Amino acid sequence: MEYPVLKAHDTDFVVQESMVLPAQDDPDAPYQYLRLRKRGYTTFEALECIAALCGVSASDLSTAGLKDEDAVTEQHIACRGRLSSDAITEFNARHASGARTMTLTTHGYGHLSLRAGQLEGNAFRITVRGLSSGFATTLGALGERAENLFFVNYYDVQRFGVAGGPRTTHQIGGALLEEDYGTALALVRESQSPEADHARRFTGPAAQFFDRIDPRVRAFYLCARASWVWNGQLAALVKKVSHHPLDETLREGLPYVFTTHRDDVLALLRHATSLPYERYRWSNAAIRCTQGLRRTVVQTRIRVDRTSEDSDTPGRYACEIALFLPPGCYATNAVSQWVAWIARTDAPRNANS
């Protein structure tokens, strides 16, 4: 069995947001659109940095989605008002080098802010490491022919905490729903997130801390709880419809149930194309909960661009792949299932690799 290594380095995971902005050349339009390229920062942390340096309120900045900190990501930002060219130049000069980087470029003007649901999707270029020579040969034989993949559409572990930190954002969200602010604050302090430093310095009533942070962060914690509940419902459904052995595993302490046979993925799709979930958003000065549907199974195509020796591990190999996913899907989840499918199919040939 292959155990691929994903995100060994931030540069192994490159993400570009795909959306057609309603951009115009009208400099009098109320919003300025910018393109943010970042590495090592969460989206919330990046917005705070932009607001602090460029002299705008964080509430004047909006995005159509969140991008992980342990990757090289590109996304759009809408700014109510304007960032001056001098402010953008200064921001780039301060953040363009080092272990964590950010750069901003202007992308036109428009009359609409950005919000979740506007993305067409995300394009990924990923380096998968730690592969056996036999498995790398199998992938190399695919050439540039794209492989169809149907995968079980779980929220992956990065939904539940930052890289290297405890995966507890769903627990924070659960505590907030129960109005147990003391527990929620204690979990934030241990989370290693950008909010953890603020939480450790905070000395007032716990509920007051959550009143003072960016309300979009508070909504994110509630969304993480909803994601946890949705994953549990999906896992139960996978167990119900599958007729082959299942792969019940822990990823960074979080439970997942995966199919081991493609027929069971199709059975899941036939049984339920989607499951309901709760969505929390900050809108009109309040966090509002709405109901939505999330797909149980997603189809994509994965293209192998090249294979080579893994510079991290002598005797192992790496491959570079490209894929496109709808918004809200996790490439780490898709790629892990793809590798598992190929490994099972190719197991007899690679038994001694």
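I will talk through a helix, a pocket and a hairpin in this predicted model.

Residues are numbered from 1 along each chain as its sequence is written, and side-chain values use heavy atoms, with hydrogens and water left out. Because the model is predicted, local features need pLDDT of at least 70 and side-chain atom pairs count only at pLDDT 80 or more, while totals for chains, interfaces and linings use all residues.

Let me turn to the pocket, meaning an open set of points on a 1 Å grid over the protein atoms alone, where a 1.4 Å probe fits, with protein on both sides within 12 Å along at least five of seven lines, and with lining residues having an atom within 4 Å of a point. The second largest pocket holds about 660 Å³ of space, a volume being the space filled by probe spheres set on the points, which are joined across faces, edges and corners. Of its 28 lining residues, the closest to the centre are Pro4, Leu6, Arg251, Thr332 and Ser336. Strand S8 (246–251), strand S9 (254–259) and helix H10 (331–345) each give two or more residues to this lining, and H10 supplies the largest share, seven residues. Helices here are DSSP runs of H or I with at least four residues, and strands are runs of E with at least two, numbered from the N terminus.

Trp282 stands opposite Ile287 in S11, and two residues lie between S10 and S11, with Asn284 in the turn having a positive phi of about 55°.

Notes: Two strands pair if DSSP finds at least two bridges between them.
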